[in-house]
Amino acid sequence: MLIAVSSVKGSPGVTTFTVALAANWPSAVRRVVVECDPAGGDLGQRFGLAPSPGLLSLAAAARQPIDSSAFWNHTQLLADELPVVPGPAGGPQARAALSTLVLASSLLHRAAREPGVVMLADCGRMDPGSPAEPMIRQADALLLISGTHRDELAHVAARLHELGQVAARPSLVLAGRGHHTKEVEQELGIPVMARIPYDPTAATSLTGHAIPGRARKGGLVRAAVEVARILAAGAPSIQAAGPTVGQHVPGVPPQRVPAYGVRIAPELHKVALPDGEVSP
């Protein structure tokens, strides 16, 4: 299974939530986080990882026919438990590596399709023409993470029409303090899969001291547990949903509003809010 995690603006915690999802995956599978951010990776610096193995060594290996099991030779461990493929800090190096790895037949994609493997790809910001876009297109699910302040939501609204074209199963996940979840749903005309509360303690743990594992408490971990549970179940209960008929989506002309295919899990109807309350 390949799950892409991305944003359209700013830094709403894509890397943090990607690692939290992998660390809290509920089933006994082989989990791995791959940094596919064209702007460069963060995990190496946060956790003091070695420059290699990682995305660059994986790209070099992917240039020749090789068994998909060789993918795991290019991982490192976070806190001795979670395999990751760290990206280089430099954007040019990351983009060069991605140009090789995003091919559907590449070592990266073959490893993601192996039975019992869950690959979570941190794709950074979903800019037009991003070299990580093929990863998003080929993913089984896309988690689009956004902040909830007016400027952040404006960027999401302006690009909603692209979601159904870019990803097979996109879902909107809100992060941090800002507008109420229901207000966002009404304004954008689409449902929200989950809300990641403001949780500085869990976020700080991703500076390299620990990763948010099952023993941790907190809103970020609870959100990751719920989202991971739905995704791990194959999302049989996730329902396709588009804007209400006749409803205007900001930034998208009414006549061009398609059915986006954005999903909401009924189990996540009660979403965590920034102040710790739960929406009705």
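Strand 2 (residues 30-35) and strand 5 run parallel and are joined by six bridges. Strands here are DSSP runs (E, at least two residues) and helices likewise (H or I, at least four), numbered from the N terminus. The model is predicted, so local features need pLDDT of at least 70 and side-chain atom pairs count only at pLDDT 80 or more, while totals for chains, interfaces and linings use all residues. Residues are numbered from 1 along each chain as its sequence is written, and side-chain values use heavy atoms, leaving out hydrogens and water.

**Sheet**
- E35 stands opposite D122 in strand 5.
- Eight strands form an open sheet of mixed pairing, in the order 3-4-2-5-1-6-7-8; two strands pair if DSSP finds at least two bridges between them.
- Strand 3 (76-78) and strand 8 (194-196) each have a single partner strand, so one side of each lacks a neighbour in the sheet.

**Largest pocket**
- The largest pocket holds about 640 Å³ of space, a volume being the space filled by probe spheres set on grid points joined across faces, edges and corners.
- A pocket is an open set of points on a 1 Å grid over the protein atoms alone, where a 1.4 Å probe fits, with protein on both sides within 12 Å along at least five of seven lines; lining residues have an atom within 4 Å of a point.
- Its lining has 33 residues, and S11, P12, G13, V14 and T15 lie nearest the centre.
- Helix 1 gives the largest share of this lining, four residues.
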